[in-house]
Amino acid sequence: MRATVLYGAGDVRIENVPDARLIESTDALVTVSRACICGSDLWPYKLMKPGEPPRRMGHEAIGVVEAVGSGVRTLKVGDVVVMPFAYSDGTCAFCHEGLHTSCVHGGFFGTVELPGAQAEALRIPLADGTLFALPVGADDALMASLLTLSDVMGTGHHAARAAKVARGKTAAVIGDGAVGLCGVIAARRLGAERITILARHPDRIALAKEFGATDVVSERGESAIERVRELTGGFGVHSVLECVGTEEAMRTAIGIARAGGAIGRVGVPHYEVIPASEPAFYNNLTISGGPAPVRAYIQELLPDVLEGRIEPGRVFDRVIGLDQVPDGYRAMNQREAIKVMVKP
Ligand SMILES: [Zn+2]
């Protein structure tokens, strides 16, 4: 079968690899109907160091169950399933608390340890706990939005929850990638009255406004902080969704949070130490967030997708086949595309 392999910075290839197959009795084998390229894939695409082992990329997919191991109880061949970016047993203490990304038996797709979803098929460990069977056919018109439940919509929702977005309050979203845009959807869904998006790209700003952003700040750094404070009577916003993961983004987040406010960070941090600890302290800020337990959120978000109340699938602005995946990485890295869907 064909799959995506990252060999080094900027070096991503489609290759023939051994077919995915069942290994453990709790595995399922899934044929990939749709996958995507994620903003977080761009970190190793940009920064992978010489000598690091190759990685089979991809951690978001919808597919069809082709086979299940003898220990799989809740899934059957032919089920259309969405795959969260992390696998989990669904039974441990953390899974019961809704924190599937900390599952004691879990892990992540698209790593050196576990091949990813930008491929024709993949093996799903702990299939009962990991996969979510969808009440749709494989060609359902809602497929793009359902696919975002794999990662970006659940991650935007996690940012909003961690940032304590609440009805009638103010929110700001740092990051105009797919997660930031889904963060706007999530903030609106949870009732934020004003939602400021920090963004520069006109297409992304337009989409953010359609998703519910009420204000746009295109400045950066100190000027962005000043501008958000101007918009909020000098106070800042109650909730900040930090969807980038750089030190500058976190510094901005702390700078625009209102006293007593909260920051939900979901961008994979590429800094050692959280900056601006003094203002964070004196303003009594909560800094929360991490890898989103998207498995826990599918149940909550699915009805809104099925009934068309949210349309996170609009973040996809390019659809490609597996052979075009290297160009898809290039396009996302150069910000030509917001989010690329892959149809293997
Ligand atoms: Zn678990």
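**View 1. D79 sits in the loop between strand 5 (61–68) and strand 6 (80–83).** Helices (H or I, at least four residues) and strands (E, at least two) are DSSP runs, numbered from the N terminus. The model is predicted: local features need pLDDT of at least 70, side-chain atom pairs count only at pLDDT 80 or more, and totals for chains, interfaces and linings use all residues. Residues are numbered from 1 along each chain as its sequence is written, and side-chain values use heavy atoms, with hydrogens and water left out. D79 has a relative accessibility of 11% and counts as buried (under 20% relative accessible area; exposed is over 50%, partly exposed in between; 1.4 Å probe, protein chains only). Its side chain reaches the backbone nitrogen of K76 at 2.9 Å. Beyond its neighbours within four places in sequence, D79 is in contact (heavy atoms within 4.5 Å) with G63, V64, V65, T74 and A133.

**View 2. D41 is located in the loop between strand 3 (28–37) and helix 1 (42–47).** D41 is buried, at 3% relative accessible area. Not counting residues up to four places away in sequence, D41 touches C36, M57, H59, Q118 and Y329. G110 is 69 residues from D41 along the chain, and the C-alpha atoms of the two are separated by 9.0 Å.

**View 3. Helix 7 covers residues 202–211, with R204, I205, L207, A208 and F211 buried.** Seen down the helix axis, these buried residues fall within an arc of 165 degrees (taken from the directions from the axis to the C-beta atoms), so they line one face of helix 7. They pack against helix 6 (178–189), strand 12 (194–198) and strand 13 (215–217). The face turned away from the buried side carries the exposed residues P202 and D203. Just after helix 7, G212 takes a positive phi of about 125 degrees.

How values were computed:
A polar contact is a pair of N or O atoms within 3.5 Å; within protein, one must be able to donate a hydrogen and the other to accept it, and residues adjacent in sequence count only if both atoms are side-chain atoms.
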